[in-house]
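Dear colleague,

Please find below the structure I promised to pass on to you. My notes on it follow directly after.

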Amino acid sequence: MKDRQDPRAVDLSALCRQGATLQGEWPQAGMPRLVASVAASGPDAAPVAWSAVGESRAVAGGEAQTWLHLRAATTVTLQCQRCLQPMAEPLQVDRRLRFVRGEAEAARLDEASEDDVLELPPRLDLHELVEDELILAMPLVPRHAACPAPLPVPAEMPEDDAPAPHPFAALAALRRRGPGDGSGGA
């Protein structure tokens with residue numbers, strides 16, 4: 001079932017009770033925090049394809065649980081931390097989120113459960129949630145599996161063959177002089 005809700009102000013309780021699906025595409029340029037996290041972005045950047053499926057799970061003797069299955073995918077350009085060249089990195093999000101009433105209840109259940117538990121907002125901004133999840137899906141240290149080219153070597157290398165001075169050389173010279181060499185020692 002398709003729903004015509006505004007993805008920037010979703011009535012999550014209603015979406016989940018109806019078992020509705022929202023989906024679409026957004027340009028990366030419309031996600032400023034994501035764009036600030038990548039090496040390059042522009043009009044040719046891959047769009048962000050997303051879908052959100054609401055679900056209400058019945059619980060014996062209690063209020064039905066509110067769940068959202070969120071999926072998103074795009075490709076971003078990052079800088080390889082090994083060769084410093086740009087690299088295309090596909091990002092995939094496939095999360096099931098449980099929503100509960102009250103921040104304290106969300107924190108308590110999140111600690112005790114392997115599920116992701118969030119506070120049920122009056123209106124959910126799916127655009128912001130998708131952007132958050134894509135940022136979290138980015139690798140901490142982006143690197144090619146195999147860099148396309150070795151690191152460039154500077155054209156002119158300094159030709160200083162002299163060894164660097166040892167940091168304790170002056171101390172060693174003082175120690176060698178000893179007390180009777182007229183250096184003022186006692």
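I begin with one residue: Ser-51 is part of strand β2, which spans residues 48–57. Please bear in mind throughout that this is a predicted model. Ser-51 has a relative accessible area of 14%, and it is therefore classed as buried, the limit for that class being under 20%. Leaving aside residues up to four places away in sequence, Ser-51 is in contact with Leu-22, Gln-23, His-69, Leu-70 and Arg-71.

One of these contacts, Arg-71, also takes part in a salt bridge. Its partner is Asp-94, with 3.6 Å between the closest N and O atoms. Because Arg-71 belongs to strand β3 and Asp-94 to strand β4, the pair links parts of the chain that are 23 residues apart in sequence. Arg-71 is partly exposed, at a relative accessible area of 43%, whereas Asp-94, at 52%, counts as exposed.

In total, 9 salt bridges are counted. Another of them joins the side chains of Arg-101 and Glu-63, at 3.1 Å from N to O. Arg-101 sits in the loop between β4 (86–100) and α3, and Glu-63 in the loop between β2 and β3 (65–79), so this pair ties together parts 38 residues apart in sequence. Both of these residues are exposed.

Glu-105 is partly exposed, with a relative accessible area of 30%. Elsewhere, salt bridges with shared partners connect Arg-33, Glu-131 and Asp-132 in one network.

Helix α3, residues 103–112, also contains Asp-110. This residue is partly exposed, at 37% relative accessibility. Together with Glu-111, Glu-114 and Asp-115, Asp-110 forms a negative surface patch.

As for the overall fold, the protein has 5 helices and 5 strands, arranged along the sequence as α-β-α-β-β-β-α-β-α-α. Of its 186 residues, 29% are buried. Among contacts between residues at least 6 apart in sequence, 59% join residues at least 24 apart.

With kind regards

Technical notes: Residues numbered from 1 in each chain as written. Predicted model: local features only at pLDDT ≥ 70, side-chain atom pairs only at ≥ 80, totals over all residues. Heavy atoms only, no water. Helix = DSSP H or I, 4+ residues; strand = E, 2+ residues; numbered from the N terminus. Buried < 20%, exposed > 50% of the residue type's maximum accessible area, 1.4 Å probe, protein only. Contact = heavy atoms within 4.5 Å. Patch = residues over 30% accessible without salt bridge, like charges linked within 9 Å, V, L, I, M, F, W, Y side chains within 5 Å. Areas by Shrake-Rupley, 256 points an atom, 1.4 Å probe, with all protein chains shown as cover. Salt bridge = Lys/Arg side-chain N within 4 Å of Asp/Glu carboxyl O. Lys, Arg positive; Asp, Glu negative; His and termini not counted. Charge placed at Lys NZ, Arg CZ, Asp CG, Glu CD.
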